[in-house]
Each structure stands twice: as C-alpha cells, then as structure tokens.
Amino acid sequence: MQFDSLTFVVFFAIVLLAYNYFSSWQHKKNILLLSSYLFYSAWNPLFLPLLIFSSTIDWWLAKKMSKSEKGKRKLYLISIVFINLSILFYFKYINFFLDALNDILSGFGFVLGKYEFNIILPLGISFYTFHSLSYCIDIYRKKFEPTQNWRDYSLYVAFFPQLVAGPIVRWTQMREQIEQPRRSSAEGLGVGLTLLLLGLFEKVVLADGVFAPVANQIFAENNVSSVHAWIGTAAFTGQIFCDFAGYSTCAIGAALCLGFRLPINFRNPYSAVGFADFWQRWHISLSTWLRDYLYIPLGGNRKGTLFTYRNLLLTMLIGGLWHGAAWTFIIWGGLHGAYLIFERFMKKTTKYLHFVPYLVIVVFSWFFTLLAIMYAWVWFRAESVTQAASFTLKLIDLNAAVSGFSMISAQYKTSLYVFFIIVFIHLLFKNISFEELIKKLNPIFLIILISFLMVFISLTPGGSNAFIYFQF
Amino acid sequence: MHLYTSNSSHWLNKNWLLIYIFSLFFSVLVLIGYERYFRSMGYSASVVDTKDLWALQRSKVYQSKKKPLVFLGASRTLFGIDMKWIKNNMQEYYPVMLAINGHYPMMALKDLAKDTSFNGVIIVDIDSRGLSEPNHFMQQYYVDHYHDVFTPNKYIHQTILSHLQNKLIFTNPEFGILSLINRSLSDQGLPNKPNANMQPNRNSKLDLLVVDSTALANNFYNILSQDLIDNPAPTPEQWLSDLRPVKRWVEDIKARGGDVIFYNPPVYGRQITLSNKGYPRHLYWDAFISKMDIKGVLSEDIPGMEKFVLPDESHIDYRDKKRYTKLLFDNLKKENLL
C-alpha cells in the first residue's frame, strides 16, 4: 500500500479507530501486526509468506544464538547472515550477477549463455532484511537479550509505517515502544497528521507533480542539451529528496498518530557543508546502519589513513549496490566514497587556508557539496552508464547551458525555481526538524499551513505513483 | 503576529481538534470555489480513462454471479455501446467494457481465453485490418499492466478515485493546480472542453456535434490510407493462416461455457470504400467466419443499421447510442448468436 493512495486513507482511518477502540495493549499490538501484514499484502499478497518466514527464522535463530557458546554463536550468526543475504541476492541481484559473469567470461572467450530469471522484487526486502540483520548482529554482540515474543519481533520488522521504505529502525529504538503500552494522544494525532500531510505534499505535489515530469522527460531524451542536462539534474535532485523524505515524513507522522516515535531520517540534507555532513542528514538510518555494521567492523578509521580510505570506499560501494543491481548505483556509491576520501584529504590541507575568511570557506564548501551531490544523482537516475557519461559531458558545457536557458519551457523553469526554494528552505531550517517546527508554529499559521497542504494535495490529482525507494 | 509561539497563551494553542476543524473548513471552502469556477465555465466531471481503470474493469469479469458480457474492441465500441441499456435490458449478463480507444483488441481476447476462470460471452469489435497479425499486439501493455502492476491497493484506490472523478472536476489531473499553473505560464489558457465523457464502469459518450466532424473524418481517412500503404493487407491465405490461434482461443472459451462473437461495426463514406478495397469482404471477413466456423456479424448485414448517421464516418454520436445498442442486440438475438 502507498501513503499517497486513497486506499491508505481508508486503511489508516480504520486502523486508528480499531487501535483506539481496544484498551488492552496486547489487542492493540495484534491489530497493528495484522494491519501491517494487510498493508504489505495490498501490494502483492504472494510475498507476505516470505516476510513472515524471514522474520520468524531470524527471531528463532537469534534466540538460539543468544543461548549458545562462542563457536556455535558465530555459526548461528553466519547462518542468519547467509540466509538473509541469500534471499536478498536471489530476488535482487541474481540477474545482475549472471550478466556481469557473462560479460567477464565472454572476455576470456567463454560463453555462459543468456540466463534471465523473471523475478519480481518483493517490496521493501532491502529494508526488512537490514532490520532483521541489525537485530541479530546486536544479539551476537550481546547488546541486548532477544525478545521471547514472536509477535513483538514480527511487529518490529513489519510495523507498517516503516515496513517498505524505512526509516531502518533498530530494536533498541523500538523495544520499549513495543513492550510498553501506548495510545494515540491529541498532540500525537495533531502533529502526526500534519507530518503525514507534509510528507504527502512533498511526494504528491513536489516529487510527482513538479519534478518527476521534468526529470522523466529529460532523462528519456536521446540527445540531451546542456541546459536540459542541468535542469534534469536539478529536477531529479529535487524529486529524489521530496519522494524519499516525503515517505519518511509520512512514516514518522503515521507512527506518531499511533503513539510511536520513529527516528528522523532526513535533516535538510541540501544544506550540508561537506559530504560527511551530508550523510548525517540524508537517509540517516541507512548511513548509521552502514557505519555500525559495515564501516566499523571493517576497521573504520582505526587502522591508518589508507585503510580508512579503503573502508570508506567499500562501505559506499556496498551502499550503492544496496540501492539496486546496476553499475550506475555502484558508481553512485563509488562517487560518494571518493567524495568522503577527498573531504578527509582536504581537511588536512585547510590549515594552510587560514588567510581565507571562514564564511567564504563554508559557503564554497556548501556550494561544492551541493554540486557534487547533484552530479552523483545523475548516475543514480541514469538508465545506463552510457547515458550518465553523456550527461556528464553536457553538464560540463556551461556556456551552452547558460545560453540555452532562455529557450526552456515554463514547466522546466518552474521545476528549477521550486528546486531553489527547497534548497533555500534547507538552509533556513538547517537544524530544525519538521516536528519541532510544527510544535513551535503559531496556531493561525498552522491552520494556514494545514489548509494550504490539504488544498494543494487535493488539487494535484494523479495516479498513485510508487515511491522511488520502494524498488530498493 | 509571530510565526512561532513560545508559550501557550493563544486560545487555539494545542487544541488540535479546533485547528483541524478550521483547516478543514477553509480547505473545503477553497475546493468548493475551485469546483464551482470550472462548472460555471461549462466544464463537467468525467472519469479519466487509464490503464488502472481498464484493469479495474478487467478484474470485474469474475465479480458477479451473472455471466459476464465483455466488450472488446476500440473506440467504436467504447463510445457506441450503451452499458446502461445493457444492464437494464440484458439482465442475465453482467456487462464489462474493455474496449480501448485506438487499440485493436486481440491480446485482450487472448488473455481472456487463457484465463481458465473466465467463462463469459465476448463481443469483439474488429474489422479485417484489426484481425491482421501485425495489429494483434496493441492492447498487450494493458493486459501486462493488469497482471503485473495492478495490485489490491490500486484496485481500491481506482475504485474510489473513479467515483470521485465522476462527481468532481478538480480530481481530473487536467484541472489540477500544477497543470493550470503550467498552462498559464505558457499562455495556453484553460483546457479545451472535451467532447467525450466517461463513467466509472467505462460507459462513455461521444458528442460529435461540438467538434468539426468533417475534419475528424478527413483525419481518420488519412490515417487509414497511410496505414494501408505502410502495411498492405497480406494475402487472404496468409491472413487466415495467421488467425489459427484465434480459433483456438475461441474454442477454449467455448469449452468453458463461454462464447465469442466477432462484430464489425458501421463505418461509412470514404473510409469504408478504402477499407473494402484493402480487405475485400468476401476474401477476408466472410472467409474468416465461414472457414474458421466462428460467430460473426457485419454491421452492413443488420437491417436498419444504415439509418444511423456517423458524423465523422466512423463513430456513433451519444444521442444514438441507446437505439444503436438495442438494434445490435435485437439482431444478435434474432440470429441466435447470443
């Protein structure tokens, strides 16, 4: 099910009523688990057994692991990681892997033949796999005892607001919320519904209404011009943020309506000064997951400069691959790895720039960060490496881009202006979350804001378009 | 007034119920104003025909205890068949409109034939050109959409959406605020008033008196003549040989208790002359019906059909829809085809 569908409006109203009708916390949790499975089945009921199987086996093995001694404990962990990654590999990467293997072998004169599995990617598989893995690895690390309650664990994995596109929540963030009774409060409902509306506005009006038509049109062009390459890049930079942050905002809002608090996943990322700062603002739950379960186990920054660079690059390459089975995603991850290495390298040299005013360095760093991130999005969006490479060449031709600006359509200009407004808002509210903002807002302005959101969402009809991150 | 409040002195502070009541009130007020403006400009609400709407109707072939009566074809059936008349006068059937404007229907027929749960009656609106093998695949992406993309979520979403679109103009994307802003920025003004209207069950009407029918007729003629140059008719033998799978599809449906009737709807003027020149009736249509032992009817064989005026030489105006549907079904019954 999608937050921007009329189905969700009906579903959420029923869930809220049923959830608040019962006073028993056990009943409330049963309702939440059932509705989460219903939410998932609304996309494709055939994949519900996979979700249930995956969470049940992880819950069971994690319990066994916690009772085992050292050697056996490790064996359990390896089994859990193997099972989870095998399922993920089969559904997400098998065709990509066979294609790559074919290409490599054909270079040596071997022909493997064309194998193409017609596989549908289960919705949210990357997200719930990471949920489960973090739980099991933390038990292996003896951070906490496993839950004995299957329903509680299944609810942690399948809790519908965050099931299909995050935030990737840790058990430590959810355990108390699942075990301790809670209910919808007036403020939770008020703030939660407003966040839900804000998220829908980002998705329906901005991502699907303003940016997607422009980005889709430009990335479908065979021979893109320089000005179109720049506008397409800006449009996709706006679209990917509004689409994904919109989903996260909806998720946080929906959870808040039910009395749950999910961690913030985006903190005005286009205001980032530097790439490390960007990853503390963009898809925070994924970047912290990669840090805790990949970068630090690889050695982090503890083994010298070169190892740190290697670990950064590896982490970001795997982060890229997590997004999808394509070379463009791997290159996107590689670019971000290179950016992070470059930033670490540059930090050592800034001491020689003491004669440049601090503000100039900050402004330049912010602008450079934004441009580099925008460029990386080209690889993320491109259909192929060839397309991204041709975009790159067009982006470089700044003269052609500037001279072509007067020729572009009103729709393209609108998307560019809206993109600038979003960047401006990120800079303006750099360290303030939507939730804080809503709580602080004067009620009259709040009424104006809510009315504005409701009217714009209602007046931007369209199909219920899948969120971009659903495919991951 | 301050943007932020630092204390709870304001009488609305933290009263979320009141905040939402006021917000809803203002939003509804704006939406009513928006809707009334377009109504005052002479626009009316209409369901938007999309792949999701088609898929929703496709899913309805199982949803009634009555036998489904499925209409396949293109615009001539979509705009010509009166679903309300069928519902009221053919009560043993549950009518489902699956015709798609501008698309020949063979892939939808194949899909229903391969669907072992389907046992209804199909009226296939098609001509000899549409039966030609290269034209078989036009509706494939609708069929794929139904099987691969149309989820239970989309089913409920589309059901509610089509009822909203049937009542409210502003739920039509063409009248969305972003669409209007873009039109206004590029000096395009308001959208054209459409001459077609659709209901949630895809019952559609075409008003041919508000458009330049002569220009439309010329356009259809030009498209047809160009297509006959680009894709000349295969030999009758080849054409019939390509249609062997169609016979199997029909037999599959019949074996499950269903039936298939091919129907070639009326086309007049230069279009029918050109069409008959490309695909002479006795070599193509008649051979298909007789040699393949298939139920079929040509509109020119139905007495009284010639009395209908087709303003664009190709489509029935909505004012004639009921009479046209009645005549067609009276004839199908009289000939024991239904």
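This is a predicted model: local features need pLDDT of at least 70, side-chain atom pairs count only at pLDDT 80 or more; totals for chains, interfaces and linings use all residues.

Is A:Asp243 buried or exposed? A:Asp243 is buried, since its relative accessible area is 1%.

The partner of A:Asp243 is A:Lys203, and the two form a salt bridge in which the closest N and O atoms are 2.9 Å apart. Side chains of opposite charge can pair when their charged atoms come close. Over all chains, the count comes to 27 salt bridges.

Let me turn to chain B. There, B:Asp259 and B:Lys295 meet through their side chains in a salt bridge, at 2.3 Å from N to O. This pair links distant parts of the chain, with B:Asp259 in strand 6 and B:Lys295 in strand 7 of chain B, 36 residues apart. B:Asp259 counts as buried at 12% relative accessibility, whereas B:Lys295 counts as partly exposed at 23%.

A further salt bridge joins B:Asp286 and B:Arg281, with 3.1 Å between the closest N and O atoms. B:Asp286 is partly exposed, with a relative accessible area of 28%, and B:Arg281 is partly exposed too, at 26%. Through shared partners, salt bridges join B:Arg281, B:Asp286, B:Glu300 and B:Asp301 into one network.

How many salt bridges are there between chain B and chain A? The count is zero. Eight residue pairs, however, are in polar contact between the two chains. Helix 1, helix 8 and helix 9 of chain B each supply at least two residues of the side that touches chain A. The largest share of that side, 11 residues, comes from helix 1 of chain B. Its residues divide into 23 nonpolar, 14 polar and two charged.

As to extent, 39 residues of chain B are in contact with 47 residues of chain A. Together the chains bury about 3,600 Å², 73% of it on carbon and sulfur atoms. B:Trp16, B:Tyr20 and B:Asn153 supply 19% of the area that chain B buries against chain A, more than any other three residues.

Finally, a point about the backbone. Most residues other than glycine have a negative phi. A:Lys142, which is not a glycine, has a positive phi of about 60°. A:Lys142 lies in the loop between helix 5 and helix 6 of chain A.

How values were computed. Residues are numbered from 1 along each chain as its sequence is written. Chains are lettered from A and ligands numbered from 1 in the order in which they are written. Side-chain values use heavy atoms; hydrogens and water are left out. Contact means heavy atoms within 4.5 Å. Buried area is the accessible area (1.4 Å probe) that two parts lose on being put together, summed over both. A salt bridge is a side-chain nitrogen of Lys or Arg within 4 Å of a carboxyl oxygen of Asp or Glu. A polar contact is a pair of N or O atoms within 3.5 Å; within protein, one must be able to donate a hydrogen and the other to accept it, and residues adjacent in sequence count only if both atoms are side-chain atoms. Helices (H or I, at least four residues) and strands (E, at least two) are DSSP runs, numbered from the N terminus. Ala, Val, Leu, Ile, Met, Phe, Trp, Tyr, Cys and Pro count as nonpolar, Asp, Glu, Lys and Arg as charged, and the others, Gly among them, as polar. Buried means under 20% relative accessible area, exposed over 50%, partly exposed in between (1.4 Å probe, protein chains only).
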